[in-house]
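Subject: Structure for you to look at

Hello,

Here is the structure I said I would pass on. Please open it first, then read my notes below with the model on screen.

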Amino acid sequence: MSKKAFQDSYSAEFSHCYGCGRDNPHGLQLKSYWLNDEDKTHTIAHFTPKPYHTGGVPNNAYGGLIASLLDCHGTASAAAAAYETQGRKMGSTPVLRFVTASLSIDFLRPTPIGEELTLCGKVTQLKDRKATITLSLSAGNMLCATGTMTAVRLKSE
Ligand SMILES: CCCCCCCCCCCC(=O)SCCNC(=O)CCNC(=O)[C@H](O)C(C)(C)COP(=O)(O)OP(=O)(O)OC[C@H]1O[C@@H](n2cnc3c(N)ncnc32)[C@H](O)[C@@H]1OP(=O)(O)O
């Protein structure tokens, strides 16, 4: 994808996240986008687990990996929605940066390794500093996990 990912708009100090930091060579480097630039309500990201992302059962991904992906996609979706609500370009200052306050995941079926996964997000509520995000992770047409996140915007100081 040639579009700029949400995470590529993060300031340098926030670019080392294990899950999505562009400047963390040991991390997952997840990249999130609007599903549709004309209708900025849903977000999307892709990730293909490697064999070393196994949870121990051959060909199945580690649950912590799934949580990491949903975590980063959720906070990125919250930030993108907050900028959108304010009519501002993502990454512009003052920076709107969200952290995870809570994340609940239902692991519905094993997640395959070596197949491209699709993560979807939707910010269902954005009020003051608090965002609620619904999340899903699929392999092809198989829904493997769903999640709900509360993310809180960091105070500017
Ligand atoms: C410099 C670092 C850079 C860090 C930047 C790194 C970015 C990486 C992003 C990747 C994602 C992560 O892994 S983040 C890392 C994992 N997460 C963390 O480490 C966060 C640790 N927790 C915290 O720092 C804090 O608890 C916060 C920031 C989440 C909230 O503290 P606070 O700022 O004092 O806010 P507070 O007034 O308590 O709450 C604000 C609103 O959110 C609600 N709220 C708070 N916690 C919860 C909760 N668990 N579940 C539901 N709702 C909650 C409150 O009721 C309130 O709603 P109302 O009364 O207004 O309705």
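Three elements each supply at least two residues of the shell around the ligand: helix 1, strand 3 (98-107) and strand 6 (142-153). Please keep in mind that this is a predicted model.

The ligand site

Which strand gives the largest share of the shell around the ligand? That is strand 3, with four residues. There are 18 residues around the ligand, and those that come nearest are Val-99, Ala-101, Ser-102, Thr-150 and Val-152. By type, the residues of the shell are seven nonpolar, five polar and six charged.

The chain as a whole

Going along the sequence, their order is β-β-α-β-β-β-β. Along the principal axes, the C-alpha atoms fill a box of roughly 45 × 30 × 30 Å. The radius of gyration is 15 Å, which agrees with the value near 15 Å for a compact globule of 157 residues. Buried residues account for 32% of those 157 residues. Of the contacts with a separation of 6 or more, 62% are between residues 24 or more positions apart.

Helix 1

Helix 1 covers residues 63-85, which is 23 residues. From its first C-alpha to its last it reaches 33 Å, close to the 33 Å expected at 1.5 Å a residue. Is helix 1 largely enclosed or largely open to the outside? It is largely enclosed by the rest of the structure, because 17 of its 23 residues are buried. Just after helix 1 comes Gly-87, with a positive phi of about 65°.

Ser-32 lies in strand 1 (residues 32-34). A residue counts as buried if 20 or more other C-beta atoms lie within 10 Å of its own. Ser-32 has 24 within that distance, so it is buried. Leaving aside neighbours within four places in sequence, its contacts include Ala-5, Phe-6, Thr-43 and Ala-45, and also His-73, Ala-76 and Ser-77. For a distance to check on screen, take Ser-32 and Ser-104: they are 72 residues apart along the chain, and their C-alpha atoms are separated by 20 Å.

The database record

An unreviewed UniProt entry lists residues 60-140 as "domain: Thioesterase".

Regards

Conventions
Residues numbered from 1 in each chain as written. Predicted model: local features only at pLDDT ≥ 70, side-chain atom pairs only at ≥ 80, totals over all residues. Expected span 1.5 Å × (residues − 1). Buried ≥ 20, exposed ≤ 12 C-beta atoms within 10 Å, placed from the backbone. Near = placed C-beta within 6 Å. Nonpolar A, V, L, I, M, F, W, Y, C, P; charged D, E, K, R; others polar. UniProt positions renumbered as here; feature names shortened; annotations may be inferred. Rg over C-alpha atoms; globule rule 2.2 N^0.38 Å. Contact = placed C-beta atoms within 7 Å.
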